Amino acid sequence: MSDVIDNKAHHRFELEAEGYLATEHYKLDGNVITFEHTDVPKELGGKGVGSKLVQGALDQVRAAGLKLIPQCPFVKAWIEKHPDYADLVKR
């Protein structure tokens, strides 16, 4: 599995695994990023790829000093399970 890449041209974070591409689509408005949709190919389901994608994306959000709106249910649930990332959520 490679590292999470921010594909700014396509407004998505990407993680390549086993020849497939998992993506986290976002919208950026100033210093607020909205995670809209997580797409993990069914071939990668249950292998932790979605979690690795979200964590890698959130680490980059933190490094950039952005605030997050977790519109995507997968991201919202992931943050609830990992409260050390809750400070990124825009209140």
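**Figure 1. Salt bridges across the predicted model.** A search of the whole structure finds 5 salt bridges. A salt bridge here is a side-chain nitrogen of Lys or Arg within 4 Å of a carboxyl oxygen of Asp or Glu. This is a predicted model, in which local features need pLDDT of at least 70 and side-chain atom pairs count only at pLDDT 80 or more, while totals for chains, interfaces and linings use all residues. Residues are numbered from 1 along each chain as its sequence is written, and side-chain values use heavy atoms, with hydrogens and water left out.

**Figure 2. The salt bridge of Asp-6 and Lys-8**. The two side chains meet with N to O at 3.4 Å. Asp-6 is partly exposed, at 23% relative accessibility. Lys-8 is exposed, at 59%. The classes are buried (under 20% relative accessible area), exposed (over 50%) and partly exposed (in between), with a 1.4 Å probe and protein chains only.

**Figure 3. The salt bridge of Arg-12 and Glu-14**. The closest N and O atoms are 2.6 Å apart. Glu-14 counts as buried, with 12% relative accessibility.

**Figure 4. The salt bridge of Glu-18 and Lys-47**. N and O lie 2.8 Å apart in this pair. Glu-18 sits in the loop between β2 (12-17) and β3 (20-29), and Lys-47 in the loop between β4 (32-39) and α1 (49-63), so the pair ties together parts that are 29 residues apart in sequence. Helices (H or I, at least four residues) and strands (E, at least two) are DSSP runs, numbered from the N terminus. Glu-18 is exposed, with a relative accessible area of 54%. Lys-47 is partly exposed, at 43%.

**Figure 5. Strand β2 and its pairing with β1**. The strands β1 (residues 5-7) and β2 run antiparallel and share 3 bridges. Two strands pair if DSSP finds at least two bridges between them. Asp-6 faces Phe-13 of β2 as its opposite residue. The β1 and β2 hairpin has 4 residues between the strands, and His-11 in the turn has a positive phi of about 55°. Of the 6 residues of β2, 5 are buried, so β2 is largely enclosed by the rest of the structure.

**Figure 6. Strand β3 and its two antiparallel partners**. β2 and β3 are joined by 6 bridges. Ala-17 stands opposite Tyr-20 in β3, and Phe-13 stands opposite Glu-24. The hairpin of β2 and β3 has 2 residues between the strands, where Glu-18 takes a positive phi near 50°. β3 and β4 are joined by 7 bridges. His-25 has His-37 in β4 as its bridge partner. This hairpin also has 2 residues between its strands, and Gly-30 in the turn has a positive phi of about 65°.

**Figure 7. The largest pocket.** Its volume is about 150 Å³. On a 1 Å grid over the protein atoms alone, a pocket is an open set of points where a 1.4 Å probe fits, with protein on both sides within 12 Å along at least five of seven lines; lining residues have an atom within 4 Å of a point. Grid points are joined across faces, edges and corners, and the volume is the space filled by probe spheres set on the points. The lining includes Asp-6, Lys-8, His-11, Phe-13 and Gln-60. β3 and α1 are the elements that give two or more residues to this lining. The lining residues divide into 7 nonpolar, 2 polar and 2 charged. Ala, Val, Leu, Ile, Met, Phe, Trp, Tyr, Cys and Pro count as nonpolar, Asp, Glu, Lys and Arg as charged, and the others, Gly among them, as polar.
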